[in-house]
Amino acid sequence: MTRKQDIADLSDRLRAIFVDADNEAARRISEGWHAAVSADRLPTPRNLPATAWLPQVVANAPVFTAGLVGAFAAVSDRLSWQQTYSRDDLGQHFLDRYGWVMLVGPDAPVKNSSILSGFLLLGPDVEYPVHKHAAEEVYVILSGSASWKIGDADWRLKSAGSIIHNPSWQPHGMRTDRREPLLIGFLWNADKVEKSQMAANDATMQT
């Protein structure tokens, strides 16, 4: 396949995870996400230190997500890895173990004007601080396990296959405290990445 077709195939695999999920919000938000024949545009490749954990992510993926995770790892060096935070925000340790890829959206490889979807990778031993934002969001854990804080609940372990629905302005955060990296797929009902309010100090930062 061509590079555009590879990225479209990855998009369709990720879409299927949400469409087939036993979760009303995931199915509802993904209604406007149609299968892609090929990517609309090619991203400018950009790598980050966090991708060093991709081999372990692939090794840890369960059978039911292994195809998607393997397809993602196979094209990861052709995608544009991004970070929203700076060292002043969350420290160098976090940055070295954090990165995300936008696959679907208005300016993403697969064009869509109403949703955002892609992958978030966290290395082991980091905390993504509790934050909240206006956009409704669904996460699905594709590889690894981590502790999650959702709303007013205590931190709880979530493993591969778990689906986390964050309604608008629901606080949520995660800790990779199980000595393994975490790969999640995300789905937003928004047309742009908005700024989040970090619960620790009510500062405004992007997700």
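Helices (H or I, at least four residues) and strands (E, at least two) are DSSP runs, numbered here from the N terminus. The model is predicted, so that local features need pLDDT of at least 70 and side-chain atom pairs count only at pLDDT 80 or more, while totals for chains, interfaces and linings use all residues. Residues are numbered from 1 along each chain as its sequence is written, and side-chain values use heavy atoms, with hydrogens and water left out.

S80 sits in the loop that runs between α4 and β1 (81-82). This serine is buried, with a relative accessible area of 17%, where buried means under 20% (1.4 Å probe, protein chains only). Leaving aside residues up to four places away in sequence, S80 touches P43, T44, R46, W100 and V101, contact meaning heavy atoms within 4.5 Å. Its side chain reaches the backbone oxygen of T44 at 3.5 Å, and the S80 side chain also makes a polar contact with the side chain of Q82 (2.5 Å); a polar contact is a pair of N or O atoms within 3.5 Å, of which, within protein, one must be able to donate a hydrogen and the other to accept it, residues adjacent in sequence counting only if both atoms are side-chain atoms.

Helix α4 (residues 63-75) also packs with helix α1 (residues 3-19): their axes come within 10 Å and cross at roughly 150°, the axes being lines fitted to C-alpha atoms over the stretch in contact, with angles from 0 to 180 degrees between N-to-C directions. That makes α1 roughly antiparallel to α4, a term for angles over 145 degrees. The contact is made by D6, L10, R13, L14 and I17 of α1 together with G67, L68, A71, F72 and V75 of α4.

Technical notes
Parallel < 35°, antiparallel > 145°, perpendicular 65-115°, else oblique. Buried < 20%, exposed > 50% of the residue type's maximum accessible area, 1.4 Å probe, protein only.
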